[in-house]
Amino acid sequence: MTHYQSDLLQLLNERGYIHQITDAEALDAAAVKGIVPGYIGFDATAPSLHIGSLVQIMMLRRLQQAGHKPIVVMGGGTTKIGDPSGRDESRQLLTAEKIDEHIASIKACFANFLTFGDGPTDAIMVNNADWLDSLEYMPFLRDVGPHFTINRMLTFDSVKLRLDREQPLTFLEFNYMIFQAYDFLELQRRNDCTLQLGGSDQWGNIVNGVELNRRIDGKQVYGLTTPLITTADGKKMGKTAAGAVWLNADQLSPYDYWQFWRNTQDADVGRFLRLFTDIDLDEIRRLESLEGSEINEAKKLLADAATTLAHGDDSARQAADTAQKTFEQGSSGDDLPRMQVEGGSISILDAMMSLGLCASKGEAKRMVKGGGARINGEQVANEQHQITAVSGEIRISAGKKKHGILVF
């Protein structure tokens, strides 16, 4: 393992965040010498960020833990265009009012991970609409346009993959990488920001920003990316049958969030403990060495720690208590997904799908055939079974780990 002189790069390295750095030696020296302000941009395409953004949020947390300054950049401007990276089609364009609503909703999430304030290492949040919305097209083209060649832009994955698949890439989206690079220039000028962090898919965009700062202002700035976070079976982190794993409690209950981490595959436990919790590295090494049923204790610690960071101690404790009651004592628990049933009955297949326990009717049928579907703990053998209201609440189970409540 590479050894760095700075606490910042050593911390990021030990916990598995580093994929590429534009100039590792110079960044390492800068982080030893003084405070490095670093930023990550988050577009406001939904009312909440999801778990795919969590490694980036944790990187800002690590930046602050190592004595440096995190800058959260909300993409009030860039969301109006949409990042083409990793997409086969254009994003739906949102109104300025809807983007502002999303930003207001997302803001609360960061307060759980970062300390905001006016101090030298306190986090700040800025909105790139503050400078992008007021740009004048002709001066911007004249000042910034000459530093980007179409030849090079066509080589970036975000562009090349879309063209290779013969999917349309609008001129609007083609501008995204220019605006992201310009964000870095503005942040360097406004906040003395010298580091941009991001996922590996953002490498080309980050390098553009590093080069733009050098060419226009003669400033040395740096870029650092994380590896793509996948699960042990090669799937993208955070994709579940029930849908996205949202970070805001009003989008996904703390119980469901806790349960997502509890269901981590054995081979991922150590890596996820390093990336997504503050648990000491020696303790993580002990936990990831556990085998058999003992690894489940490590998964519970992962779920507790990750949920505490996102939702606080009380929510994490309540989620863990609900899980214990549900799985070890067989009771319902207050935080399970619930659905109101209008009318006198609902089929077992529709119930499992509506509660998010199965992603499709086919999956629900397979669950019934495999003996995993239960009503109040009793196995259901017939996929045509209709659940009727015999009492106020009925517990539906799909396998050993997924449960929900029907309310008649």
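Is E186 buried or exposed? At 10% relative accessibility, E186 counts as buried, where buried means under 20% relative accessible area, exposed over 50% and partly exposed in between, with a 1.4 Å probe and protein chains only. The model on display is predicted: local features need pLDDT of at least 70, side-chain atom pairs count only at pLDDT 80 or more, and totals for chains, interfaces and linings use all residues. Residues are numbered from 1 along each chain as its sequence is written, and side-chain values use heavy atoms, with hydrogens and water left out.

**Stop 1: salt bridges**

A salt bridge here is a side-chain nitrogen of Lys or Arg within 4 Å of a carboxyl oxygen of Asp or Glu. Both residues lie in helix α10, four residues apart, about one turn of the helix; helices (H or I, at least four residues) and strands (E, at least two) are DSSP runs numbered from the N terminus. R190 is partly exposed, with a relative accessible area of 48%.

Next, select K299 and D266, whose side chains meet in a salt bridge at 2.6 Å, N to O. This pair links distant parts of the chain, 33 residues apart: K299 is in helix α15 (residues 295–311), and D266 is in the loop between α12 (254–262) and α13 (269–276). K299 counts as buried at 6% relative accessibility, whereas D266, at 47%, counts as partly exposed.

Then move to R274 and E288, a salt bridge with its closest N and O atoms 2.6 Å apart. R274 belongs to helix α13 and E288 to helix α14 (residues 281–288), 14 residues apart. R274 is buried at 15% relative accessibility; E288 is partly exposed at 33%.

**Stop 2: aromatic pairs**

Nine aromatic pairs are counted. Rings of Phe, Tyr and Trp (its six-membered ring) pair if their centres lie within 6.5 Å; planes under 30 degrees apart count as stacked, over 60 as edge-to-face and the rest as tilted. Select F140 and Y182, an edge-to-face pair at 5.2 Å centre to centre, with 85° between the planes. F140 lies in helix α6 (residues 137–144) and Y182 in helix α10 (residues 176–191), so the pair ties together parts that are 42 residues apart in sequence. F140 and Y182 are both buried.

A further edge-to-face pair, F260 and W261, has its centres 5.2 Å apart and its planes at 80°. F260 is buried at 18% relative accessibility, and W261 is buried at 0%. To see the surrounding cluster, select Y257, F260, W261, F272 and F276, which ring pairs link together.

**Stop 3: the sheet**

What is the order of the open sheet of five strands? The order is β9-β15-β14-β11-β12, with mixed pairing; two strands pair if DSSP finds at least two bridges between them. The edge strands, β9 (338–340) and β12 (378–379), each pair on one side only. Within the sheet, select β11 (residues 373–375) and β14 (residues 393–398), which pair in the antiparallel sense over three bridges. A373 stands opposite A398 in β14.
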